Each structure stands twice: as structure tokens, then as C-alpha cells.
2 protein chains.
Amino acid sequence: MKSGSAKVGIIGLGRWARVLTRAASKSPKIEIVAGYSRSEEKRQAFEQEMGIPSVPDAQALLSNPDIKGVILTVPNEQHLPVAEMVAKAGKQVYTEKPIANTLESALEIEALESRHGIQVMVGHSARLLKGTRLMKEAIDNDELGAIVFMEANFSNERALEITPDTWRWYKDKAPGGPLSQLAIHQFDSLHYLGGAITEVSSIASKLSPVGAEVDDQSMTLLRYADGKIAYVGASWTSPGIYSIRVFGQKGLMHYELDFSAWDTPDRLHETSLLYIQRGKDGYGKREVL
Amino acid sequence: MKSGSAKVGIIGLGRWARVLTRAASKSPKIEIVAGYSRSEEKRQAFEQEMGIPSVPDAQALLSNPDIKGVILTVPNEQHLPVAEMVAKAGKQVYTEKPIANTLESALEIEALESRHGIQVMVGHSARLLKGTRLMKEAIDNDELGAIVFMEANFSNERALEITPDTWRWYKDKAPGGPLSQLAIHQFDSLHYLGGAITEVSSIASKLSPVGAEVDDQSMTLLRYADGKIAYVGASWTSPGIYSIRVFGQKGLMHYELDFSAWDTPDRLHETSLLYIQRGKDGYGKREVL
């Protein structure tokens, strides 16, 4: 038991729930005290691995007055119904990205805040990465000069592994494929780094041999209110990368992350790369941070 | 005098003419024997620096029966009239990229081949870079598996330096700004690496404080006949890069070039980077070539 920490529950006990639970166990500010999944198998595995009790129905978790909020790690199309249930119980809502699988559901989730007097937070964890924050600092300090151009990519090979048993196979559950699964992180990061976005265009392609409904390649161009432009790429069928490059009139900054360490966020910095390139001297003059 | 080499002339004696002349001096296959520019100052500077005679009018060069071909290093909008003059004299034409500043002029240049029985070659030198050729080999040998996705960028800071005295300032002479000046190299490289392109869309922005007519930021999305997609970015107002990344189902290959060595092609390989990343292990498992 941590003293003074906020007690929360977690609904949805898959892989990402375990990543977040391990991370939360290292924080003095939050304590996950109960988990729920429809699957008894997942409940038992979670209890065993995490040493945290699970409950056989969501109401058992929501009726606990000690629990102030709930982390949602359920598939995207369940974000709205589960968030609604949590909000009606008067608990704060944290849901993993993307906020929902349709714009309509996203707006309904947003409306829960005023309707039930709670807060909803969407887990765009990537903007919290150390390199992203250092880039934001450099931009705000005018170290790079006027920012004119940004490029980001988040790719991995998961579309080669998905099966009809998983929700990521289906268009209605994971619209856009890597757009809503991977690129979504970079949209949030580029919004954080660059401000208001006014125009978007996108192309996609389906090239995986497995036969899933969803597209597996995605490229998007963005235009910001101030005229700068940006690109976000996400390939879902290749050994992947996670990178953001910011081009300014005085300097270029590049951040690249070894996402093989994605599931152990406290070790991510060990293998990530961040550099500034200044002036005309090409990358012979890069300063690694 | 080199024996057995092809003798050629060069028209347009600016910076790039000197780069090509220095490169040609190292080849046993070609010998530049005369240069021409409208500017007497440039003719004298070229003679002095290169030790190669210049001629005071183009006809003096074109009437020399020893000269079998002419290298064009004139501004883009002069490619057509100069190529026409060279072709009419029965000489082979080599012109720097892009082939012309409009599609119509490009098609007229193409037509010179059959009309005058000569050959026209466009100087897309980047596809000859060692890294580009090694990527092509890896693709052809199926080392990367099915290629699904490509990204390329060629950027530099030149738009911060252009003035109304230079042709690159003007929309009709350098349409698209970095699109026709920089991205053009990557379009050729991606065509070489990926085959037939069937769809293109592009955005641009003008953000340089100098006030030139041309845009200075360019992003383009491509779709190939086989469904794979690609991106080409070119910022013209930032410390820049030259990079190509090819995503395949078995491996990802990345090539990046320190273009501060761009003017000394024989030294480019010293500071360039080429790696393959295979499997799921992130860039901890990158193999530098």
C-alpha cells in the first residue's frame, strides 16, 4: 500500500495493461488496486503476474469508493461504452489512444466530462517521451529558429501477425489500420510540437499477405495554421522505426527511438538517439544530446 | 589529352560545371575540351580554374568536329533552346536535372532524339550513388522481402540565400522551388528503386523570410503500380539532409548521405551511412554496411 497515492482500477487486462501496471508500480502517485476483464483466463494471469486482485464484474470495481479513477486498456471500439460506465460511477477516465474508433464516439466521450463532472484523459504517451519534450523545449527556446517542416514515422511488423481473432483485423474496430494504431502517436506529438493543424490529406495501401480487412500502409500530410507542413508515415509490415525530425531555419533536430524497448519505458532512453544539426555543414557536424 | 576518350564541350560555366569538370578529369572515358558561357567573367574563371579553353560563342564549340557531345549546365529554362542548338549540330546532349521547367519543354527535348538522330541523357546523378545502387541490389535479390513503403528527403538551406539576381528566385524558372531543385533527385531514385508510379499528390508552403516567388517547402506522396506507397520531402530553409529509407517485409534499409561532401562525389562514401535492420529487434540490431 502506498500512502497518499491515488487508487485506480484497470479494465482490460491484455499486454498493454501489464505494461502500464508495471510502470504504475514505480510511481508514488498512483496505485492500481483492482483489475477487470471479461476473460477469466486474463483475470487469473493478471493476478498472478501483477499481484493485484481482479474482480469478476466491472461493477465490483466501480462500486469501490476508494477507487477514484479507471484506466481503460480495452479495444478501441469499447472505449465509449466502458468510459460511459466509469463516468456514470463518478470516476475519472484514462483511456489509451486513440480516444475512439469513430469521431462520433470520440465526441460522446468528450461530453462525459461535463455530463458527469469527471475528467477524461487520453493516453498519448509518446508526447511524454524525453526526446519529444527536449525537442519542444528547443523549439520554445528558439534554438532551431522558425520551424518550417516536420517528419515523423512509427512503423512495426504487426500486420504480418494479426489474425481474424483479434480486433485489429477489422475495419470498423481499427479504422485506418496503422493510422489509428501507430500514426496516431505521431499526430499527437506533432500537434504538441507544432500547434494547430488546419489541413490533412492521406493515402493508404493494403499489402500484407495475411488478408486482414484493414489497410497496412499509411502516409499523411499536414498543414499547420502558421504554414509549416508535416508528414507522418506508418508501415505495418516491416521491421520498424519510431522517429521525429524537426526542421528549423537555424537547426534540425532528430529523435529516434529503439521501440524494441517500448514495453519498458524506463529503459527507452538507453537506446534512443537525439541530435541537433546546425548550419550548413551536413551531418558531419551533428551534436548528439 | 586522353587517348580513346570521348571529347565533349560544356555550356554554362557556373558552380555545377566546375564540379562535373573536376569529376570528368578523373575519368579515362570522357574529356571536356571546351566550355562556353554568355558571361566573359565566367569564361575566364573557368579557363583559369580548370585549364580548359573557353569559346566566345556557342557555334565555335558546336562546329568542332572532334566534339561528340555537350554537357548542359545552364539554368532549367535554357535546357530546351540550348539542347535544340546542340542536337541540330548533331551532337549528343547531356543536361542536368530537371529535364526542363515545363512538361511541354521536356517533351520537346525528348523529341530531339528522333528528329536529329542523337541521344539525350538527363543528369539524375543521385541514382548512381553507391548506397542507392546497393539498395537496388538488395531489393532485386529479395533481401528485404516485398517492398511496401519508401521515404526520401533532400533538404538544404539555400532558399535563405537566393536573391532576385538568380533564376531560382522565380516561379517560371524554378517551378515548385525545392520540388524541381531537390526532390527531383529523390523522385528519380524512388522510380529507379520501385518501378512505375501511378499517382502523385503534393503540398507546398512558402516560409522563407527572403521574399522569393517560389515555394520553399515541398512534400509529395506517391503510389506505385504494385500498391506500395512513398513519400518525398524537401525543405529549402533548414540545415539539410539526404536520405532514403526502404521498408520491406523482411528488412528495412536506410541510406543517408552527408551532402556537405556533395561537390566532391569521390569522397561522398566516406561520410555516408547505409544500414539494414532485420526482424523485430528494433535498431539495436542494425547492420551497418
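A polar contact is a pair of N or O atoms within 3.5 Å; within protein, one of the two must be able to donate a hydrogen and the other to accept it. In this predicted model, 16 residue pairs are in polar contact across the interface of chain B and chain A, both residues being at pLDDT 80 or more. On the side of chain B that touches chain A, the residues divide into 23 nonpolar, 23 polar and 14 charged.

Two salt bridges are also found across the interface of chain B and chain A. One of them joins the side chains of A:R245 and B:E256, with 3.0 Å from N to O.

Several strands of chain B each supply at least two residues of the side that touches chain A. They are listed here with their residue ranges.

| Strand of chain B | Residues |
|---|---|
| β7 | 147–154 |
| β8 | 197–205 |
| β9 | 217–224 |
| β10 | 229–235 |
| β11 | 242–248 |
| β12 | 251–257 |
| β13 | 273–278 |

As for the extent of the interface, 60 residues of chain B are in contact with 60 residues of chain A. The two chains bury about 4,300 Å² between them, and 59% of this area is on carbon and sulfur atoms.

How are the two chains arranged?

Terms used
Residues numbered from 1 in each chain as written. Chains lettered and ligands numbered in written order. Predicted model: local features only at pLDDT ≥ 70, side-chain atom pairs only at ≥ 80, totals over all residues. Heavy atoms only, no water. Contact = heavy atoms within 4.5 Å. Buried area = accessible area lost by both parts, 1.4 Å probe. Salt bridge = Lys/Arg side-chain N within 4 Å of Asp/Glu carboxyl O. Polar contact = N/O pair within 3.5 Å; in protein donor to acceptor, adjacent residues only side chain to side chain. Helix = DSSP H or I, 4+ residues; strand = E, 2+ residues; numbered from the N terminus. Nonpolar A, V, L, I, M, F, W, Y, C, P; charged D, E, K, R; others polar.
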